[in-house]
Amino acid sequence: MKRLVIMFLRNFYVLPYYFVKLMYVSVSKSYAKKYNEEEVFQFIRKITKRANRGGFVKVEYHGMENLPDKNGYVMFPNHQGLYDVLTILEVHPHPFTVVMKKELMNIPLLKNIFLALKALEIDREDIKQSMQVIMEMA
């Protein structure tokens, strides 16, 4: 929680701009026609890098050379918190999407980031819906 407050305070002067643009990127249909997936991804990365720097978070990564260039792949982060997407966003070179638990759609900023990434929500209590999401991602 302390890091979140530090991130907020260190980025306070640019938050209104990024917040408004993120709202526009995540819900506007005209934006989707104007900008491609790569440009939206780079904008989200820019926000993520700024937030990480603001919270004095340094992301170290290894093994990027092992990721395949073709045919895609699935990543399964072994997370203990909700920060894994932000770390992957900072270092991953290509656009990607995520599967998230539906409860995260109640958190305003995360909701918009996930909408911009075209994330899929999974209801862990509804097995049928969960299988549909898994099949769609596969």
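Sorted by class, the lining of the largest pocket in this predicted model holds 23 nonpolar, seven polar and five charged residues. The space inside this pocket comes to about 1000 Å³. If you want to find its centre, look for Met75, Pro77, Thr97, Val98 and Val99, which are the closest to it among the 35 lining residues. Four elements each supply at least two residues of the lining: helix H5 (84-91), strand S1 (99-101), helix H6 (108-116) and helix H7 (127-137). H5 gives the largest share, with four residues.

Now let's move on to the second largest pocket, which has a volume of about 830 Å³. Here 23 residues form the lining, and Leu4, Met7, Ala51, Leu86 and Leu109 are the closest to the centre. Helix H1 (2-10), helix H2 (15-27), helix H4 (37-54) and H6 each give two or more residues to this lining. Its residues divide into 19 nonpolar, two polar and two charged.

Next, turn to the interior. In soluble globular proteins, nonpolar side chains tend to be buried together. In this model, the largest nonpolar core has 24 residues. Phe43, Ile44, Leu89 and Phe114 are the ones with the most contacts inside that core. H2, H4, H5 and H6 each supply at least two of the core residues, and the largest share, five residues, comes from H4.

Finally, let's look at charged partners. How many salt bridges are there in the count? There are two salt bridges. One of them joins Asp123 to Lys102, with their closest N and O atoms 3.6 Å apart. These two residues sit 21 residues apart and link distant parts of the chain: Asp123 lies in the loop between strand S2 (120-122) and H7, while Lys102 lies in the loop between S1 and H6. Is Asp123 buried or exposed? Asp123 counts as buried because its relative accessible area is 17%, under the 20% cut-off. Lys102, at 37%, is partly exposed.

Arg124 forms a salt bridge with Glu103, and here the closest N and O atoms are 3.8 Å apart. This pair also links distant parts of the chain, with Arg124 in the loop between S2 and H7 and Glu103 in the loop between S1 and H6, 21 residues apart. Arg124 has a relative accessible area of 58%, so Arg124 is exposed, whereas Glu103 is partly exposed at 37%.

Terms used
Residues numbered from 1 in each chain as written. Predicted model: local features only at pLDDT ≥ 70, side-chain atom pairs only at ≥ 80, totals over all residues. Heavy atoms only, no water. 1 Å grid on protein atoms, 1.4 Å probe; cavity = no way out; pocket = protein on both sides within 12 Å on 5 of 7 lines; lining within 4 Å. Points joined across faces, edges and corners; volume = space filled by probe spheres on them. Nonpolar A, V, L, I, M, F, W, Y, C, P; charged D, E, K, R; others polar. Core = buried A, V, L, I, M, F, W, Y, C linked by side-chain atoms within 4.5 Å. Buried < 20%, exposed > 50% of the residue type's maximum accessible area, 1.4 Å probe, protein only. Salt bridge = Lys/Arg side-chain N within 4 Å of Asp/Glu carboxyl O.
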